[in-house]
Amino acid sequence: MYLVLRPTRYDYIRNTIYFLKNMIQPQTIVKVADNSGAKIGKVFKILGGTRRRYARIGDIVVMAVQVAEPRKLVKRKDVVHALVVRQRNPFRRKDGSYIRFDENAVIVLEKGKKEPKAGRIFGPLPREIGELGFQSIVSMAPEVV
């Protein structure tokens with residue numbers, strides 16, 4: 001489920017603290033939105049700088065798989081690279097609108113590549129993923145918002 005928010009001038013005052021919540025950072029538990037075998041993972045590094053604290057939609061993180069399905073490609077305790085595709089914190093688009101999802105979700109990637117390990121993607125993806133060069137992921141998505 002997703003929600004597109006149009007801010008009013010009062011939202012900036014009332015929801016200042018709200019906009020700072022739900023950031024993806026080290027120790028965050030995320031849902032895996034593909035059929036690679038991983039179900040739940042824990043982020044422990046955000047790639048892109050030595051002092052990077054928070055990950056947003058389109059960022060690549062390093063995570064450990066906490067829960068996995070048996071007899072699949074990714075196993076429990078595996079360390080994988082993943083792309084953030086949904087976040088609970090409202091994400092500001094270039095047109096000024098905000099988009100917010102119900103959960104923090106990632107897609108497991110091949111290390112060093114922009115290709116997914118899985119063959120299917122579950123749930124909606126924002127169109128910003130395609131603009132960042134992940135066209136193969138967007139083409140597999142059931143819905144792009």
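**Exercise 1. Work out whether Glu128 is buried or exposed, and which residue its side chain meets in a salt bridge.**

Step 1. Glu128 has a relative accessible area of 10%, so it is buried. Here, buried means under 20% relative accessible area, exposed means over 50%, and partly exposed is in between (1.4 Å probe, protein chains only).

Step 2. The side chain of Glu128 pairs up with that of Arg93 in a salt bridge, 2.9 Å from N to O. A salt bridge needs a side-chain nitrogen of Lys or Arg within 4 Å of a carboxyl oxygen of Asp or Glu.

Step 3. Arg93 is buried as well, at 6% relative accessibility.

Step 4. Now place the two: Glu128 sits in helix α3 (residues 128-131) and Arg93 in the loop between β6 (91-92) and β7, so the pair ties together parts 35 residues apart in sequence. Helices (H or I, at least four residues) and strands (E, at least two) are DSSP runs, numbered from the N terminus.

A quick word on what you're looking at: this is a predicted model, where local features need pLDDT of at least 70, side-chain atom pairs count only at pLDDT 80 or more, and totals for chains, interfaces and linings use all residues. Residues are numbered from 1 along each chain as its sequence is written, and side-chain values use heavy atoms, with hydrogens and water left out.

**Exercise 2. Find how many salt bridges the structure holds, and look at some of them.**

Step 1. The structure has six salt bridges.

Step 2. One of them joins Glu69 and Lys39, at 2.8 Å from N to O. Glu69 is in the loop between β4 and β5 and Lys39 is in strand β3 (residues 38-46), 30 residues apart, so to speak a link between distant parts of the chain.

Step 3. Both partners are partly exposed: Glu69 at 27%, Lys39 at 35%.

Step 4. Arg52 and Asp59 make another bridge, at 2.5 Å from N to O. Arg52 is partly exposed at 31%, while Asp59 is buried at 15%.

Step 5. Lys31, Arg86 and Glu103 are linked in a salt-bridge network.

**Exercise 3. Say which residues of the largest nonpolar core touch the most other members, and which elements supply this core.**

Step 1. A nonpolar core is a set of buried Ala, Val, Leu, Ile, Met, Phe, Trp, Tyr and Cys residues joined through side-chain atoms within 4.5 Å.

Step 2. The largest one has 18 residues, and those touching the most other members are Leu83, Val85, Ile107, Leu125, Ile129, Phe134 and Ile137.

Step 3. At least two core residues come from each of β5 (79-86), β7 (98-101), β8 (105-109) and α4 (135-140). The largest share, three residues, belongs to β8.

Step 4. A second, separate core has 16 residues, including Val32, Ile46, Val74 and Val84.

**Exercise 4. Find where Gln27 and Lys77 lie, and what their phi values are.**

Step 1. Gln27 is in the loop between α2 (16-19) and β2 (29-32), and Lys77 is in the loop between β4 (60-68) and β5.

Step 2. Phi is about 80° for Gln27 and near 75° for Lys77. Both values are positive, and neither residue is a glycine.

Step 3. Most residues other than glycine have a negative phi.
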